[in-house]
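Please read them with the model open.

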Amino acid sequence: MKKLGIDVTLVDPDASEEEIEKAFKPNTKAVFGETIANPALVVLDIEKFARLAHKHGVPLIVDNTFATPINCRPFEWGADIVTHSTTKYMDGHAMAVGGCIVDSGNFDWEAHADKFPGLTTPDDSYHGIIYTERFGKGAYITKATAQLMRDLGSIQSPQNAFLLNVGLETLHLRMPRHCENALKVAEYLKSREDVDFVNYPGLPGDKYYELAQKYMPDGTCGVISFGLKGGRQAAAEFMDKLKLAAIVTHVADARTSVLHPASHTHRQLNDEQLVEAGVNPALIRLSVGIENADDIIEDIRQALEN
Ligand SMILES: Cc1ncc(COP(=O)(O)O)c(C=O)c1O
């Protein structure tokens, strides 16, 4: 983000409203959070962040990738803009990389015009139009698609859009199965002596269970993160022994996938930096697929016991 000229102030999603308020700066333009954070599985209190963002005249943007619109509709809780990595559940089969932005049209850019000149003053590169004047509630998404997509080129190819659409047609069938399987797997992991911790917001007793019940009463997602008592070394050994689950960076797929962030995606960080980034060095991210839950559990059992 720094290379794009954007500074980021990180806040603990569980911090009090007073503490979060202190993080707002005069040049803060937006608040961004994930409905369910990857890979720590922290659930965002959307209403709390929407209230604070609006108090400071900026929109709340929510990455709803893990919950999907099947399980959570952030606009109903005050979010202004929703983003998705469609590469994940929406596609569901690792066929095409993609992303989308959904604008509620609810944020009043003109009420905070000094903060958003890109929307409220003439765009010389587009015939001098003022997006808020010309497009009203559609100002932000029009600028995003007309100007920014033109300049940055982030456009999905027709074939990839076709593949994504095939995936979207079964999203409502896959999500309940992901959640049902993940709950069974989380319960199994929780019951084992050699498992140190299990994070799954759909599991009663989880730190985020109540928040998840509020925002996602029908289910959360298929992703679980957990750690073994043997720590980092045991995590690597466990993963090598898995037969059904694929070791891949990809997540939220119809097929069960597994990743050890400390040795893959976050390999450039030392243990101290990992903890700072909210990633326990022992943490294993298990993305539970839609296979038979008994097969997934048997794969985990044999990997832990062999
Ligand atoms: C929650 C979430 N948002 C966004 C992304 C970025 O996705 P993409 O690689 O499709 O740009 C990821 C990728 O892991 C993710 O998990």
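**Salt bridges and ligand site**

1. Lys55 is exposed, at 59% relative accessible area. (Exposed means over 50%, buried under 20%, partly exposed in between, with a 1.4 Å probe and protein chains only.) Lys55 forms a salt bridge with Glu21, the closest N and O atoms being 2.9 Å apart. (A salt bridge is a side-chain nitrogen of Lys or Arg within 4 Å of a carboxyl oxygen of Asp or Glu.) Glu21 lies in helix α1 and Lys55 in helix α2 (residues 46–55), so the pair ties together parts 34 residues apart in sequence. (Helices are DSSP runs of H or I, at least four residues, numbered from the N terminus.) Glu21 is partly exposed, at 23%.

2. This is a predicted model: local features need pLDDT of at least 70, side-chain atom pairs count only at pLDDT 80 or more, and totals for chains, interfaces and linings use all residues. Residues are numbered from 1 along each chain as its sequence is written, and side-chain values use heavy atoms, without hydrogens and water.

3. The whole structure holds 13 salt bridges. Arg301 pairs with Glu305 at 2.7 Å, between the closest N and O atoms. The two are 4 residues apart in helix α12 (residues 293–305), about one helical turn. Both also belong to a salt-bridge network with Arg192, Asp194 and Glu298.

4. Which residues surround the ligand? They are Glu34, Asn38, Asp63, Thr65, Phe66, Ser85, Thr87, Lys88 and Gly98 (a heavy atom within 4 Å). A polar side-chain atom of Asp63 lies 2.6 Å from a ligand nitrogen. A polar side-chain atom of Thr87 lies 2.5 Å from a ligand oxygen.

Notes
Polar contact = N/O pair within 3.5 Å; in protein donor to acceptor, adjacent residues only side chain to side chain.
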